[in-house]
Amino acid sequence: MLDTGRIVIVGAGLGALYAALELAPHPVLVISPEPLGRGASSSWAQGGVAAAMERPDSPEAHAADTQRAGAGTVDSRVAAMVTRVARDHILDLTELGTPFDRDAAGNYVMNREAAHSAARVVRVKGDQAGHRIMQTLITAVRAARHVQVLENTQAVRLETNEDGVSGVWISRADTPSAPVLIRTPAVLLAGGGSGGLYAHTTNPPRIRGQVIGLAARAGARLADPEFVQFHPTAFDIGEDPAPLATEALRGEGAVLINAEGARFMLPVHPDAELAPRDIVARAIFAETQAGRRPMLDTRAALGAEVLSRFPTVAQTCARAGIDPVTEPIPVAVAAHYHMGGVEADMQGRSSLRNLWVCGEASSTGLHGANRLASNGLLEALVYARNAAQDIAAQLQTAADCAEIAPEFPVGGCPMDAKALTTLRETMTAFVGVRRDAAGLRRALAILARLEAEQAEDENFVNMCATATLIAAAALARQESRGGHYRDDYPETDPAQAQRTRITLAEALAIRARVQEDFQ
Ligand SMILES: Cc1cc2nc3c(=O)[nH]c(=O)nc-3n(C[C@H](O)[C@H](O)[C@H](O)COP(=O)(O)OP(=O)(O)OC[C@H]3O[C@@H](n4cnc5c(N)ncnc54)[C@H](O)[C@@H]3O)c2cc1C
């Protein structure tokens, strides 16, 4: 056991690093499984950050679009707060050195994305936003004397006592080890979402709901876990994770066609390719299921410019032997973003004392049932700052403390690859773009079996906890709304227009009832 006066931040993506900087001069310990910059969704974000930067756009219009996309369960106070401060965060990131695209007069180049009523997304060199923002923050964190980064470590469990959370158990990330307890006055969870719980995902390999799961196991309440966003246009080229063909391409006029050359979004929604993500995702899924291979066609809209303006997309095409200047790009649906997570109030406080949460691991009420494009990075920025300020206010004085150097005892076990594959395939097959009671019940029964078989592996148990929460809440919500679509309840029910709040104990009770039926 090690005692530290440092605030422990679990994760090293945008939320974690921005919060670490905001916490200065309070000493901070960042738990980072990979070298900084690797393994985080933040570095992979291609589209950009949504913010109403100039009139005639406004925070009010941004909030209204956020609420519309969220399908009836966005918390309007949260949407108003986040959109109001969005511009300040872009200016602050610019000051830190992020090279957002500007025009000759120095104004931010604003880009249009799906379901936004205005061009409202700031980018870096087309599709480099996440990478360049992260590089900027990493440089600042490396130079910050108050931040210690423990690379190659991961959190596996929270320690609690009668006062709330009192520490974090961490282990090595690259190889199994027994965990070590780090005692701390405050923990900020910034461990990302859950996309990798699905076999088809755009998320980096470590983003598999472990951090949400470890909070749930400690008793933290979750909100909206059933709401998972599936990205409509992941490259369908057999890679895991599936590379993303950014939404910005459709913002630039790229269209969706099927193997017959038909623009299948035209009869589906008045906004066609720019319809909300869940609608586009289900339409693409339907084309895939029907064997009419869906494809993204950038030829007329971008021509050869796709190569220079979207370098990440161009690289992926080159790797797959596709020339986007002359041929359309095969696409498929992939788990992309988790609207649900550890419930957080406006200050990023969880339901447990001494535990804060920000970024995709949290559920703040901003996204409701369906996230508006480019609101993910924005939420991570806003709540990282809010949580950091709240933690600093509660700790009052900056403690002076030495760096720690944990030594990990031999122990732990490697993850069972077969069990992991079964878990991910179960989530894609039964808890994915289209759900029904029979599939969700089957998923819960499989999860119970897997968890019992892998009980020694805490990382796996954390994943199972999050997967169980998603499936149980999806079973309980007997309607379709936003990212949650039930074949057996295809309509949206106005009487169910509330956010879900659920604990792991409640989800396990649902799972236990299902198991009884299966026995
Ligand atoms: C391909 C892609 C493109 C996207 N494009 C956009 C976009 O254009 N605009 C937008 O707004 N959003 C976008 N998103 C979503 C957005 O990137 C994420 O929601 C956001 O980056 C989340 O930030 P975060 O800090 O919460 O988590 P992340 O950036 O995912 O960081 C999580 C961190 O937690 C660490 N971690 C995981 N498990 C553990 C553990 N057990 N212990 C300790 N640390 C752990 C990870 O290694 C990582 O460092 C995109 C996502 C993807 C995958």
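The model is predicted, so local features need pLDDT of at least 70 and side-chain atom pairs count only at pLDDT 80 or more, while totals for chains, interfaces and linings use all residues. Residues are numbered from 1 along each chain as its sequence is written, and side-chain values use heavy atoms, leaving out hydrogens and water.

User: How many residues of strand 13 are buried?
Analyst: Strands are DSSP runs of E, at least two residues, numbered from the N terminus. Buried means under 20% relative accessible area, exposed over 50%, and partly exposed in between, with a 1.4 Å probe and protein chains only. Strand 13 (residues 228-235) is largely enclosed by the rest of the structure, because the buried count is 8 of the 8.

User: Which residue in strand 16 stands opposite F235?
Analyst: Two strands pair if DSSP finds at least two bridges between them. Strand 13 and strand 16 (residues 329-338) run antiparallel and are joined by 6 bridges. Opposite F235 stands V331.

User: How many residues apart in sequence are the parts that D236 and R293 tie together?
Analyst: A salt bridge is a side-chain nitrogen of Lys or Arg within 4 Å of a carboxyl oxygen of Asp or Glu. D236 and R293 form one, with the closest N and O atoms 3.5 Å apart. D236 lies in the loop between strand 13 and helix 7 (248-251; helices are H or I runs of at least four residues). R293 lies in the loop between helix 8 (277-289) and strand 15 (295-297), so the separation is 57 residues.
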